[in-house]
Amino acid sequence: MPLFEALRLALQTIRTQKLKSGFSAIGVFIGVTFLIGAWSIVNGMNRYMTEKFAGTLIGVNTFHLRHRPNVNFDVPDSVWRAWRRRPRIKFADADAVTQQLNTPVVTAWYSEDRGSVEYNGKVAKDITLEGATDRYFDIMNLKIADGRAFTPQESKAGTTVVVLGYDLAQKLFPDINPVGHTVRIHGIPYRVIGVVERQGNLLGISLDKFVVAPAVSPIQREVNPPGVIDALIVRSSSVPEMRDAMEQTEAIMRGRRHLRPRQDDNFTLETSEGVLNFWNKLSRILYAVGPGLVGIALVVGGIVIMNIMLVAVTERTREIGIRKAMGARREDVLIQFLIESVMLALVGGALGVLVGVGIAELVTALIGMPSAIKIWAVAAGLLVAASVGVFFGVWPARKAAKLDPIVALRFEM
């Protein structure tokens, strides 16, 4: 039987038995959907974590001096209690490190908390209030869309000026340019001097609902106790320089806190590697578990296809007998049923590819996380589906091919 004719008959059978074909393909559909959707999301997360998440929280070639890690997962209670007993980082610590580092770096310190911002009766709640020094904008790549950032002089003097995030500016000043107007933070007036360019979302959370004021302005008492900061940020131009600066910072801080050689650090030097190491461990687990889940769905789907095809062989026994009586060879019957099995699996696989891609794109639209849909993944999904059809279709196809034409013609349902 020509291959084209076998394909035509297979498609015709699928069209005439839509319900049965749908049940046959559902297992492969689920497996391929998971393969395409989950893998696209995980691959997109790999890129997202490397390019944006870690870079936004920590920065490139950057480390933070903190009293405890800002990004942490699955920490035991005993470790939490030890972290909470640590002394906080102070203005004097930040100044000492900045002055004593002999590696070319850019430094800034900042503190943050949540609060509300008011303008002309409008109140924006749950806004990130940040007190920072002037180089904070450069280190964190905050580009000014309107107005300007505060100057070193304003930073040292603690002038009551403020720079707004894009979303906050849109909420409080939907129809006018906010530069030059005055907002109130916990009752204290601040003159708006700039608006930061839109940064977008991070895992569905807006990065543009914030204000930045000079670190020693009155905002300090809203975000931290007097003289205390959340972090000193140090950025270098390369990884080796960053490592050198980290070693120097560790030595400076251990000296300031009079730590003996065998005592552990009571502060943290945090880089983006910590975030990425955690994600790499999690992604390895996902890559290890994922194939098993896909395999289970495909095996179940394959068993369903095999059983449906066995039923089809029984239902079409007289048809097989007629074909053999008219000269059809055993190979022709084998190929016909095998192609039907493969076509059932490919239909489920093709639908799985479409739905998997749709799920990945939906996740991207909802939380702004990029998906990484690869052509090879689509091809692999279809190849896996076809392989399931071949593997689980061989037995029914061989059973049909081995039928004796005389016995088949006498068969009654």
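Q: In which helix is Ala82 found?

A: Ala82 belongs to helix H3, which spans residues 77-84; helices (H or I, at least four residues) and strands (E, at least two) are DSSP runs, numbered from the N terminus. The model is a predicted one, in which local features need pLDDT of at least 70 and side-chain atom pairs count only at pLDDT 80 or more, whereas totals for chains, interfaces and linings use all residues. Residues are numbered from 1 along each chain as its sequence is written, and side-chain values use heavy atoms, with hydrogens and water left out.

Q: Why does Ala82 count as partly exposed?

A: Buried means under 20% relative accessible area, exposed over 50%, and partly exposed in between, using a 1.4 Å probe and protein chains only. Ala82 counts as partly exposed because its relative accessibility is 31%. The C-alpha atom of Ala82 lies 9.0 Å from that of Asn266, although the two residues are 184 apart along the chain.

Q: How many of the residues of strand S1 are buried?

A: Strand S1, residues 62-66, is mostly covered, with five of its five residues buried. In a regular strand the side chains alternate between the two faces of the sheet.

Q: In what sense do S1 and strand S14 pair?

A: S1 pairs with S14, residues 268-270, in the antiparallel sense, over three bridges. Here His64 stands opposite Glu270, while in S13 its bridge partner is Ile233.

Q: How many helices and strands does the protein have, and what share of its residues is buried?

A: The secondary structure amounts to 14 helices and 14 strands, and 46% of the 413 residues count as buried. A contact means heavy atoms within 4.5 Å; of the contacts between residues at least 6 apart in sequence, 78% join residues at least 24 apart.

Q: What does the accessible surface of the protein come to?

A: The accessible surface is about 21,100 Å², and carbon and sulfur atoms account for 59% of that area, by the Shrake-Rupley method with a 1.4 Å probe.

Technical notes: Pairing = 2+ DSSP bridges.
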